[in-house]
Structures are given as C-alpha cells and as structure tokens.
Amino acid sequence: MPERRFLLSLSRAPYGHLDGQEGLDLALVLAAFGQNVTVALLDDGVYHLTRGQDSSALGLKPYTRQLPALGDFDIRELIVDRAALQARGLSASQLQAVTHEDDDFNEHDSLLLLEGAALAEKLATFDIHFGF
Amino acid sequence: MPALHILNRSPHEGGTFARTLSLLQTGDALLLTGDAVIGAAEGHPQAQELGSLSGVKVYALEADLLARGLQAGEAIDTVDYSGFVRLTEDYARLRHWH
C-alpha cells in the first residue's frame, strides 16, 4: 500500500479551547509512528504561531512551543493561511520561525504560506485530513 | 443602568462578537476575555472600532493577551484578574456572552 499522507489542521485560537492541543498531540503521535504528517494553521489557528506567547498567567501549559519543534518529529511542512493573517492584521514577521532538516541535515524553512485556490488545492492533496 | 458585558468569543467565530457590540449602550463597559482578546489586539481591524466606541469603556484581560503573544490596541485598557473582579463590582448589571 502506498504511503498515506496525513493533514492536521488547527482552525481555532490557542488557550481558549482544547482543540489545538488535541490536534497537535495527534500530529506528534502520528509522526512518532513514522507517518507522513503535515500541519496547517487556518482561520484563528494562525494565532498558534505568534511570537512572544506567555501562558503562565493563565496557568496553562505553553503547548504551542511544540510547533517550532515539529521538525524534530520529522514534520517538515507547516502550512499557514496567508489570507487569515491579513484579515487579522498579522504579518509573517510576527510568526515564529519553524525549520526542519532534510535527509542530508541541511536546514530548511518549514513554513508554507498559501491562500485562496492554491491553499484549497494543497489541502486537497492529502489522503486523510483531521480538522480541529 | 450601566452594564458590564463580558465576551469570550473570537470576532472570527460566529456572530457573537458582532452581536455583543450591537447591544452596547452608552455608559456600558466591555471586557474581552479568552479568544475575544483577538479583537482587541494591536493591528487587528476590530481593535480600531473598539477603541472608538463612544461612551463605552473597553477592557481586555491581560493574561489572555499575553498567552497569545498579543498587545492591546489604542484606547483599550488591559486588566489583570483583580481588575476583572473590580469591574464586576463597579457595574450593577452583568452580561455574559459565550
């Protein structure tokens, strides 16, 4: 059987709900079992990647810190909805850097900013999509 | 009688945020908590509208801004948890929007 490609998309902001944490957990579990996983941040999900987050006053675990470490789990692609950034007055420079190493240990940018038809086309390429 | 409106939904999630704004009256205050602080963030299109509401004070819970790496826009005050409690004491009526 050919390899199945998984997509985990997060569409709600972090900390207000458990959805994002559950979605990321599933991504990391799938990756730990050697599956081909991509993560996408859509709509309010883009707030997972803003710089300078401090959830200590909320008493919540800073689970979004797992995102810049996706590369360590061999998750090499993090899709971000560029139109969602623009609608929220956010720019790509306000996002944390996320990188991964290829098979020859060369470092690459993992962020893939897409919008509109190109985004929809990309999302449609995955075999299994879990939306959170 | 003036009311404190407490809202915790993102402006991008359903119609709760917009509906709450439409129900504000002069003398009321609006406290944004949880995902609603997104609308108060500097640079967000909604923040400008919130800052220019006439006769309505707008507050955002600092802990929720910090957690999301956001800062409050102009004319929006931040409160900590004690400030949250004080606001509930200052207003005779409370309106919770979820």
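User: How many residues of chain A are in contact with how many residues of chain B?
Analyst: The model is predicted. In this model, chain A and chain B touch each other, and the contacts can be counted from either side. The count is 19 residues of chain A and 17 residues of chain B.

User: What area is buried between chain A and chain B, and what part of that area do carbon and sulfur atoms give?
Analyst: The size of an interface is often given as the accessible area lost when the parts come together. Between chain A and chain B that area is about 1,400 Å². The part given by carbon and sulfur atoms is 54%.

User: How many residue pairs are in polar contact between chain A and chain B, and which classes of residue does chain A bring to the side that touches chain B?
Analyst: Eight residue pairs are in polar contact between the chains, with both residues at pLDDT 80 or more. By class, the side of chain A that touches chain B is made up of seven nonpolar, seven polar and five charged residues.

User: Is Thr50(A) buried or exposed, and which residues of chain B does Thr50(A) contact?
Analyst: Thr50(A) is placed in the loop between strand S2 (36–41) and strand S3 (78–81) of chain A. Its relative accessibility is 3%, and the limit for buried is under 20%, so Thr50(A) counts as buried. Beyond its neighbours within four places in sequence, its contacts in chain A include Leu90(A) and Gln94(A). From chain B, the contacts are Arg68(B) and Gly69(B).

User: Why is the pair of Phe6(A) and Phe130(A) called stacked, and how far apart in sequence are the parts that the pair ties together?
Analyst: The structure holds two aromatic pairs over all chains. In the pair of Phe6(A) and Phe130(A), the ring centres are 6.5 Å apart and the planes are at 5 degrees, so the pair is stacked. Because Phe6(A) lies in strand S1 and Phe130(A) in strand S7 of chain A, the pair ties together parts whose separation in sequence is 124 residues.

User: What is the geometry of the pair of Tyr15(A) and Tyr63(A)?
Analyst: Tyr15(A) is buried at 10% relative accessible area, and Tyr63(A) is buried at 3%. Their ring centres are 5.5 Å apart and their planes are at 65 degrees. The limit for this class is over 60 degrees, so the geometry is edge-to-face.

User: Where is Tyr59(B) found, and is Tyr59(B) buried or exposed?
Analyst: Tyr59(B) is found in strand S3 (residues 57–61) of chain B. Its contacts, not counting residues up to four places away in sequence, include Leu31(B), Ile76(B) and Val79(B). The relative accessible area is 13%, so Tyr59(B) is buried.

Key
Residues are numbered from 1 along each chain as its sequence is written. Chains are lettered from A and ligands numbered from 1 in the order in which they are written. This is a predicted model: local features need pLDDT of at least 70, side-chain atom pairs count only at pLDDT 80 or more; totals for chains, interfaces and linings use all residues. Side-chain values use heavy atoms; hydrogens and water are left out. Contact means heavy atoms within 4.5 Å. Buried area is the accessible area (1.4 Å probe) that two parts lose on being put together, summed over both. A polar contact is a pair of N or O atoms within 3.5 Å; within protein, one must be able to donate a hydrogen and the other to accept it, and residues adjacent in sequence count only if both atoms are side-chain atoms. Ala, Val, Leu, Ile, Met, Phe, Trp, Tyr, Cys and Pro count as nonpolar, Asp, Glu, Lys and Arg as charged, and the others, Gly among them, as polar. Helices (H or I, at least four residues) and strands (E, at least two) are DSSP runs, numbered from the N terminus. Buried means under 20% relative accessible area, exposed over 50%, partly exposed in between (1.4 Å probe, protein chains only). Rings of Phe, Tyr and Trp (its six-membered ring) pair if their centres lie within 6.5 Å; planes under 30 degrees apart count as stacked, over 60 as edge-to-face and the rest as tilted.
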